[in-house]
Amino acid sequence: MKTVIETNKLHKIFGKGELAVHALNDVSIQIKEGEFTALVGPSGSGKTTLLNLIGGLDQANEGTITLNSCDINTLKKKEMTEFRQKNIGFVFQAYNLIPVLSAYENAEFIMLLQGISEKIRKKRIYKLLKAVGLEGKENNKPGELSGGQQQRVAVVRALAAKPAYILADEPTANLDSKSTNDLLDLMYQLNQEEHMTFVFATHDQRVIDRAKRVIYLEDGKIIKDEIR
Amino acid sequence: MKKQFLILAWRNIWRNKRRALLTISSIVVSLFFVLFMRQMQYWTYDFNIKNTVSGSIGYLQITDTSYVDEKILDNSIVTAEVPVGTIESIKGVTGVHPRIQSGALVSTGVKSKFAAVLGIQPSSDIELLKLSHKVRKGTLLEENDTGVLISEKMADYYKVSVGDSLIFMGQGYQGYTAAGIYSVKGILYFPAGDMSNSVLMSLREAQRFFVAPERITNYLINIKNSKDLNAIHTQIEEQLTGTSFIARTWEEVLPGLKQGFEIDANSGLLISGILYMIVGFGIFGTIVMLYNERRFEFGVLSAIGLQNKDLLFITLSELSILTLIGVFIGNLLSFPLLYYLNRNPIKLGGEAANAMLEQGFEPYMGTGLFVDVFAMNSLSVLLIAALTSGYMIVKIVHLNALEAMKQ
């Protein structure tokens with residue numbers, strides 16, 4: 001399997017001098033295509049920092065990050081934004097849909113940025129919305145959907161443009177048990193059927209239980225890398 | 001893609017209807033008042049130039065060069081020496097009017113007072129000075145009339161009426177004594193200042209009185225469109241090259257009047273500035289709130305791959321649409337009132353009228369429909385919006401997706 005995420009001796013330090021916090025300390029990981037990985041650890045362990053780095057949202061102080069065969073340290077800000085658009089799907093804790101766009105339009109947004117034709121967009125989005133159980137909700141605005149439904153739209157948005165991998169930061173934190181299970185079922189199904197790579201930063205035991213690989217972090221270091 | 005961005009911008013505007021309406025309202029109200037004030041000012045200038053300048057000064061004046069510094073009859077000109085026919089044929093010139101402007105001591109009984117004496121051509125000047133509307137008593141002058149027209153104010157001063165005589169005494173051309181007894185043929189009402197102390201004679205009689213046959217002090221030249229003033233001025237100057245004559249615009253002849261307009265215009269500009277500040281703060285407030293409310297969302301959009309320039313396009317489109325709506329409604333709402341007052345100027349009375357008369361203005365209040373006033377003020381609002389957008393531009397250009405999402 002192709003390696004989609006590779007970090008080598010990553011260091012990330014916040015602050016300076018005596019107030020400096022070593023958020024990541026010599027972190028090296030490899031995530032291959034089709035993995036269903038959870039980054040786990042207590043608050044302040046560095047899981048979100050790692051997720052931000054492999055999402056191209058932040059820069060490491062030391063070390064290299066190769067995403068989908070691209071050394072992102074060489075990319076400029078504009079190129080990095082374009083890289084994220086084409087390669088990474090994001091699912092955030094608070095869904096973060098655009099409130100003035102319908103479920104369909106939210107899902108369509110990244111595909112539009114990529115210049116994908118309307119025919120392809122329509123086909124893919126309707127298929128995904130159906131797959132996540134939102135058939136008939138295409139025209140609903142986020143405010144007219146439940147939390148679970150909004151998160152499913154966020155998943156569809158992340159998946160629609162067929163990114164190399166999906167990063168999900170605490171995607172179930174605001175969901176009830178049923179919505180959490182539904183969402184995890186969906187992600188797992190997409191992972192199985194479309195070999196989509198998922199990386200979660202999570203505290204949620206239900207997510208951890210479903211992960212095929214769990215990377216444990218503590219004080220910015222990987223303390224355990226468990227493949228199931 | 002730009003179409004989708006514009007759709008997004010349009011929907012974003014109405015996310016907070018109250019704020020959008022408040023912003024639009026601030027633009028509409030300010031623009032309405034600015035347009036009303038500026039159109040009224042420019043109408044007043046135009047009206048007074050047309051009614052006062054064209055009759056008593058002319059848009060342009062031809063005099064002898066020496067008359068500019070010393071306005072005496074000795075510096076008058078011989079009518080035949082000026083190429084009147086050529087000047088009349090210049091496109092845009094509507095009339096060339098010979099005048100004698102001087103003065104004399106006017107008396108009756110024990111009362112005497114210095115008055116301006118104006119020799120006019122009744123055939124054209126009666127209409128030019130709109131004298132028909134100003135007759136209070138008696139009749140107007142005929143071509144070679146030997147009577148005089150005086151103002152109502154003078155009639156009150158001398159306690160004379162139509163048919164009474166006035167004694168005139170002054171200095172004529174090259175030291176001759178100018179003296180005569182003239183019968184009052186008509187009494188006129190002049191609202192504006194200078195003319196209220198003037199005596200009007202036929203040109204022929206004025207030349208006789210001042211012992212200056214075939215001479216005049218100046219030619220008044222009127223034109224169709226004040227915008228052509230400089231071009232016509234240049235053409236007339238070309239015709240006068242090599243002579244001792246000079247053509248001057250009304251602004252050169254009466255710099256005080258122009259300064260009066262400019263001072264008034266500047267005061268209007270100051271008020272406009274204050275109103276534009278309200279617009280500026282309104283738009284700036286919207287921008288600051290818009291950015292701070294949606295900073296997190298901007299971060300998310302940037303994270304999922306929207307370039308900052310596209311984000312800027314969306315937000316600037318929102319502001320542009322808001323501003324354009326305000327400008328459009330502002331113009332639309334002001335137009336009916338401006339149109340009505342343009343067609344039906346209000347004649348002022350009381351203190352307001354007196355104040356205007358003292359300043360040499362006709363006491364009328366109307367509004368113009370000057371396209372450049374609409375355009376310039378609309379552009380000013382757009383410019384203010386563009387300037388205040390600088391805040392949004394700086395913030396979005398430097399937007400960091402992660403920082404924005406953290407906040």
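Predicted model: local features only at pLDDT ≥ 70, side-chain atom pairs only at ≥ 80, totals over all residues.
Let's start with the overall build. Chain A holds seven helices and 10 strands, while the secondary structure of chain B comes to 14 helices and 14 strands. Chain B has a radius of gyration of 30 Å, well over the 22 Å from the globule rule for 407 residues, so chain B is more spread out than a compact globule. For chain A, with 228 residues, the rule gives a value near 17 Å, and the chain's own 17 Å agrees with that. The table puts some whole-chain values next to each other.

| Chain | Span of C-alpha atoms along principal axes | Buried residues | Contacts at least 24 apart, among those at least 6 apart in sequence |
|---|---|---|---|
| Chain A | roughly 55 × 40 × 35 Å | 56% of 228 residues | 69% |
| Chain B | about 95 × 50 × 30 Å | 51% of 407 residues | 78% |

How is chain B divided into domains? The assignment gives domain 1 as 2–52 + 258–406, in two stretches of sequence, and domain 2 as 72–216. Taken over C-alpha atoms, the centres of domain 1 and domain 2 of chain B sit 50 Å apart.

**A sheet in chain A and the helix across it**

Now for a piece of chain A. Four of its strands make an open, antiparallel sheet, and reading across gives S2-S1-S4-S5. The edges are strand S2 (21–32) and strand S5 (70–71) of chain A, each of which pairs on one side only. Inside the sheet, strand S1 (residues 3–14) and strand S4 (residues 62–67) of chain A are antiparallel partners joined by five bridges. If you want a landmark in that pairing, look at Glu6(A), which stands opposite Thr66(A) in S4(A).

Helix H1 (residues 47–54) of chain A lies across S1, S2 and S4 of that chain, and runs at about 125 degrees to S1(A). What does Leu50(A) touch? Leaving out residues up to four places away in sequence, Leu50(A) touches Leu10(A), Leu24(A), Val27(A), Ile29(A), Leu39(A) and Leu217(A).

**The nonpolar cores**

Leu50(A) turns up again in the largest nonpolar core. Of the 108 residues there, Leu50(A), Leu67(A), Phe109(A) and Phe198(A) touch the most other members. Which element gives the most to this core? That would be H10(B), with 11 residues. There is also a second, separate core of 55 residues, and among its members are Leu73(B), Met154(B), Met201(B) and Ile221(B).

**A covered helix**

Helix H3 (residues 103–113) of chain A is worth a look: 11 of its 11 residues are buried. The buried set includes Phe109(A), along with Tyr104(A), Ile110(A) and Met111(A), and also Glu105(A), Asn106(A) and Glu108(A). What covers the buried residues of H3(A)? The cover comes from both chains: it includes helices H2 (77–87), H4 (118–131) and H5 (147–160) of chain A, plus helices H1 (2–13) and H10 (255–303) of chain B. Just after H3(A), Gly115(A) takes a positive phi of about 75 degrees.

Is Glu297(B) buried or exposed? Its relative accessibility is 12%, so Glu297(B) counts as buried, the cut-off being under 20%. With residues up to four places away in sequence left out, Glu297(B) touches Ile98(A) and Pro99(A) on chain A and Arg15(B) on chain B.

Back in chain A, Glu170(A) is found in the loop between strand S7 (165–169) and helix H6 (177–194). Although Glu170(A) is not a glycine, its phi is positive, at about 45 degrees. Glu170(A) is buried too, with a relative accessible area of 11%.

Lastly, Tyr339(B) has its place in helix H11 (residues 308–343) of chain B. Its relative accessible area is 39%, which makes Tyr339(B) partly exposed. Between Tyr339(B) and Ser272(B) there are 67 residues in sequence and, C-alpha to C-alpha, 21 Å in space.

Terms used: Residues numbered from 1 in each chain as written. Chains lettered and ligands numbered in written order. Heavy atoms only, no water. Pairing = 2+ DSSP bridges. Helix = DSSP H or I, 4+ residues; strand = E, 2+ residues; numbered from the N terminus. Contact = heavy atoms within 4.5 Å. Axes fitted to C-alpha atoms, helices over the stretch in contact; angles between N-to-C directions. Buried < 20%, exposed > 50% of the residue type's maximum accessible area, 1.4 Å probe, protein only. Domains from an automatic or database assignment. Core = buried A, V, L, I, M, F, W, Y, C linked by side-chain atoms within 4.5 Å. Rg over C-alpha atoms; globule rule 2.2 N^0.38 Å.
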